[in-house]
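Subject: Structure for you to look through

Dear colleague,

Please find the sequence and the structure below, followed by an account of what was found in them.

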Amino acid sequence: MGATSSRDRPPPELAQHCTAGVALEKTAYVAGEIVRGYVQVDLRAPIRCQNVFAFLACEAKTKVHYTTHSGSGKHRRTRHHYAHERQSVYQLRAHVAQFATARAAPGRYQFPFEFQLPLQAPSTLHIPGVSEHCFVTHSVRVELQGWGSDLEKQQRSWPVHSVLLNVN
């Protein structure tokens, strides 16, 4: 678990020649509100890319520490355990750009996007000093979709940037 194969990494041309960012109209929202912004992609050289997507996602993570005991007296042992949980609350996708030739020329691109937060979107949760144990985050992520290696004739997507936002 946790290991990634070379098939999960972005192609070298993407890592070397592309930077991306997300600009949001504001950083705090309420459930049901419209999240507006734009994706900026800077390319220093041509890359294989057919589509650009923006994702609005909410994720809840928890980490619980507990102990178990065995033995008695001087032989009593305490073991520490951790239970982890990660849950996707929602994920919305917007197709923000398409390159018809599946090649993107060098340059700076800006693509607007708009999402409506779900009416039941939970509030962002971060408790200082405890945040590594329980939190709810909302983020906008940019992914570029292109072709895999020449041996793989399938389309793959690779995340290139993510930004957090607050929901109150």
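Before anything else, a term for the first part: strands are DSSP runs of E with at least two residues, and they are numbered from the N terminus, while two strands count as paired if DSSP finds at least two bridges between them. Please also keep in mind that this is a predicted model.

With that in hand, E5 and E6 can be described as a hairpin with six residues between them, and in the turn Gly 71 has a positive phi of about 75 degrees. Strand E5 covers residues 51-70 and runs antiparallel to E6, to which it is joined by 20 bridges. One place where you can see this pairing is Thr 67, whose bridge partner in E6 is His 80.

Is His 95 buried, exposed or partly exposed? Its relative accessibility is 45%, so His 95 counts as partly exposed. Leaving aside residues up to four places away in sequence, His 95 touches Asn 51, Val 52 and Phe 53. For Val 52, the C-alpha atom is separated from that of His 95 by 6.3 Å, although the two residues are 43 residues apart along the chain.

The chain as a whole

Stepping back, the chain has one helix and 11 strands, and the order of elements from the N terminus on is α-β-β-β-β-β-β-β-β-β-β-β. Of the 168 residues in the chain, 35% are buried. The accessible surface comes to about 10,500 Å², and carbon and sulfur atoms account for 52% of this surface. If you take the contacts between residues at least 6 apart in sequence, 70% of them join residues at least 24 apart.

A sheet of three strands

Another part to look at is an open sheet of three strands, in which the order is E1-E3-E8 and the pairing is antiparallel. At its edges are strand E1 (18-24) and strand E8 (107-116), each of which pairs on one side only. On average, and with direction ignored, neighbouring strands of this sheet are turned by 20 degrees against each other.

Strand E3, which spans residues 34-43, pairs with E8 in the antiparallel sense over 10 bridges. How many of the 10 residues of E3 are buried? Seven of them are, so E3 is largely enclosed by the rest of the structure.

Aromatic rings

A pair of aromatic rings is described by the distance of the centres and the angle of the planes. There are five aromatic pairs in all. In one of them, the rings of Phe 99 and Tyr 109 have centres 5.4 Å apart and planes at 80 degrees, so this pair is edge-to-face. Because Phe 99 lies in the loop between strand E6 (77-98) and strand E7 (103-104), whereas Tyr 109 lies in strand E8, the pair ties together parts that are 10 residues apart in sequence.

Phe 99 is buried, with a relative accessible area of 13%. Its ring also pairs with that of Phe 111, with the centres 6.4 Å apart and the planes at 80 degrees, so this pair too is edge-to-face. Since Phe 111 is in strand E8 and Phe 99 in the loop between E6 and E7, this second pair ties together parts that are 12 residues apart in sequence. Phe 111, at 13% relative accessibility, counts as buried, the cut-off being under 20%. Together, Phe 99, Tyr 109 and Phe 111 are linked by ring pairs into a cluster.

Charges over rings

Finally, there are two places where a charged end sits over a ring. The charged end of Lys 63 is over the ring of Tyr 82, at 5.2 Å from its centre, and the charged end of Arg 141 is over the ring of Phe 55, at 4.3 Å from its centre.

With best wishes

Methods:
Residues numbered from 1 in each chain as written. Predicted model: local features only at pLDDT ≥ 70, side-chain atom pairs only at ≥ 80, totals over all residues. Heavy atoms only, no water. Helix = DSSP H or I, 4+ residues; strand = E, 2+ residues; numbered from the N terminus. Axes fitted to C-alpha atoms, helices over the stretch in contact; angles between N-to-C directions. Buried < 20%, exposed > 50% of the residue type's maximum accessible area, 1.4 Å probe, protein only. Contact = heavy atoms within 4.5 Å. Areas by Shrake-Rupley, 256 points an atom, 1.4 Å probe, with all protein chains shown as cover. Phe/Tyr/Trp six-rings, centres within 6.5 Å; stacked < 30°, edge-to-face > 60°. Lys NZ or Arg CZ within 6 Å of the ring centre and 35° of its normal.
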